[in-house]
Amino acid sequence: MASPVQAVEEIVVQLGPVQVPLQVSDLETAATTDQVPPGLRPYGPLLTPAVRQTLRRPLSLDPQMSDRIVADLLGSDNGQQLLELLAEVAPGLTPADLQVAIQSAAQPPGGLSLLGILQNLPAEKLTLRAGSLLTLLTQFGLSQREQLAHSDVLKQTLSDETMAGVMPFNPAAAGSTEPRVWSQALVDPSRSGYGQDQRTIPIDIYYSRNSQGPLVLLSHGFGADRDFLAYLGNHLASHGLTVVSIEHPGSNVKALAEAEGAILPASEFIDRPLDVHLVLDYLQELNEAAITDRRRFNLDEVTLVGHSLGGYTGLALAGAPLDLDALNQFCQALTPNALSPADWLQCAATDLALPPTGLTDDRITQLVIMNPIIGQLFGAEGLSQVEVPTLILTGTEDGVTPSGDQQLRPFDQLSGPRALIAVIGGTHLSVGDPDNLNPALTEIPFMPELPIDETEQLRTYLKGTLLSFVMQQTPQRRRYKPFLTATYAQQFSTEALPLRYSDHLPDSIAHWLWMGEAMEQYLSPPLESVASLLHLGLIGLQYDVDRFRRKAIAHMPFRDRRFQPISFGHPYPAPSMALDVALHGLHPTHE
């Protein structure tokens, strides 16, 4: 499409009879310089560095990709709801206008930005209804505040206490063997799509000269590829393990850029587990064809490591059945201003036709799922059928798969052994290989990612933790057990990214999740967010008071053997003594 003949020059914020004009040129000046034009001086406190950065930050998005995103948005039911919401905010803005603006703004060399979209809207004036805009921004702000409060509470409630002692060795250090990589492309002629008569699954096999022990599978997330966790593949292979990284052709970066139709087709929720079936069958064939070593690939002990949509893949393979009835009810009740990207992606599965044989593969014996998409895909009961040991990683500031709905709530539904890694302040791509990460993905407005140097310690920690988790299936399990503890996590905590490890959720967090489910039936999304914020605030206050009490007791002069400290679990001493203590403080003469 050609660029519009005219572009928006003025934004009018309308509140009843009052109209406040803002010049787009003033916004451009404020975004690109340190100056605040006279027309924006009344709003100077609102023009924070973050707001200016959001206005001007370019997103290196291929124009063809932006076309597909807009087309998918306009063609979906949820997209229509979102457009209806935008129509309430900006009544003069049509879907066609939005499409033209995004297509024009995405053209090189500038790259897509919010300011660029405003400059390419085909109208001289854009009117925004202040009431509807405030409702939208309030809901977004409440969601952000809730996530920050939730992050603080997790930091407080999950133990950061460390035990004295020296770790026996360092599992995060590279092993003694040189890893090698063997690339293959497997073909499944029974499945087609994306302009091909058959589905082709690329894989990378990481191995060493003396590979042995459990097998590890890597499953990437939506819009990534088999190199997303390459650093883990190399590390595990250097310790003698065999690792197979699988690329899912219907939801990799190439499909996102080139394929026609929906960004994430419903069939991908079936095809991904089938990809893993195919890979395991292929490895079994290699074992059977081997002349000397028929256990080259250990299919009796298989750990699947999945990120994002790869986390869903692992759970489906480990026995969690899809619950399409629950998913449909959830998706029909969604409100556009409460959506997260994970909600959009999981709702793509509502048109799915389930295979009669199911998706479970008994060869999967352990799971590591990082920032997984779970939501309502398995309903309220499906995850209870997952009995294999499972390690879940959650980032508390994940803008794609929010931790509460996508990881914490599902955590207690698992029936097998489980543990949780909480990355306080972690984002969706924090675990990715920096050498194979598209920089544009770290710059999406409203879904901020951390700089690579801030996540380095996290990746080092994951090398040691994942190796130790995989080795729990071997006779060396006790040797590696000390690295699956809060103590080991604390060694890699930084001020930017504190790390927590636990095999259970604190009671306060479990109660908060339960209350959230109960409130969904009675409160609107904004009121639900407010109630959740208050609940989280009370939890935080409770822990602050408890911490203060423990510090106060620790500093009390209890050293005199004649004095026994008062136990809060037993009856208080005589009232006169209690009053004396309250008025004059504790003293060795008080017995």
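A charge sits over a ring if NZ of Lys or CZ of Arg is within 6 Å of the ring centre and within 35 degrees of the ring normal. With that in hand, here are the close-ups. This is a predicted model, in which local features need pLDDT of at least 70 and side-chain atom pairs count only at pLDDT 80 or more, while totals for chains, interfaces and linings use all residues. Residues are numbered from 1 along each chain as its sequence is written, and side-chain values use heavy atoms, with hydrogens and water left out.

**View 1. Two arginines over phenylalanine rings.** Arg418 lies over the face of Phe411, 5.4 Å from the ring centre. Over the ring of Phe169 sits the charged end of Arg479, 4.0 Å from the centre.

View 2. Rings of Phe, Tyr and Trp (its six-membered ring) pair if their centres lie within 6.5 Å; planes under 30 degrees apart are stacked, over 60 edge-to-face, and the rest tilted. By this rule there are 8 aromatic pairs. Phe269 is buried (under 20% relative accessible area, with exposed over 50% and partly exposed in between; 1.4 Å probe, protein chains only), at 1%. Tyr312 is buried too, at 0%.

**View 3. An aromatic cluster.** Which residues form one aromatic cluster? They are Phe169, Tyr461, Tyr480, Phe483, Tyr488 and Phe492. Phe483 and Tyr488 form an edge-to-face pair, 5.1 Å centre to centre with 80° between the planes. Phe483 is buried, with a relative accessible area of 0%, and Tyr488 is buried at 1%.
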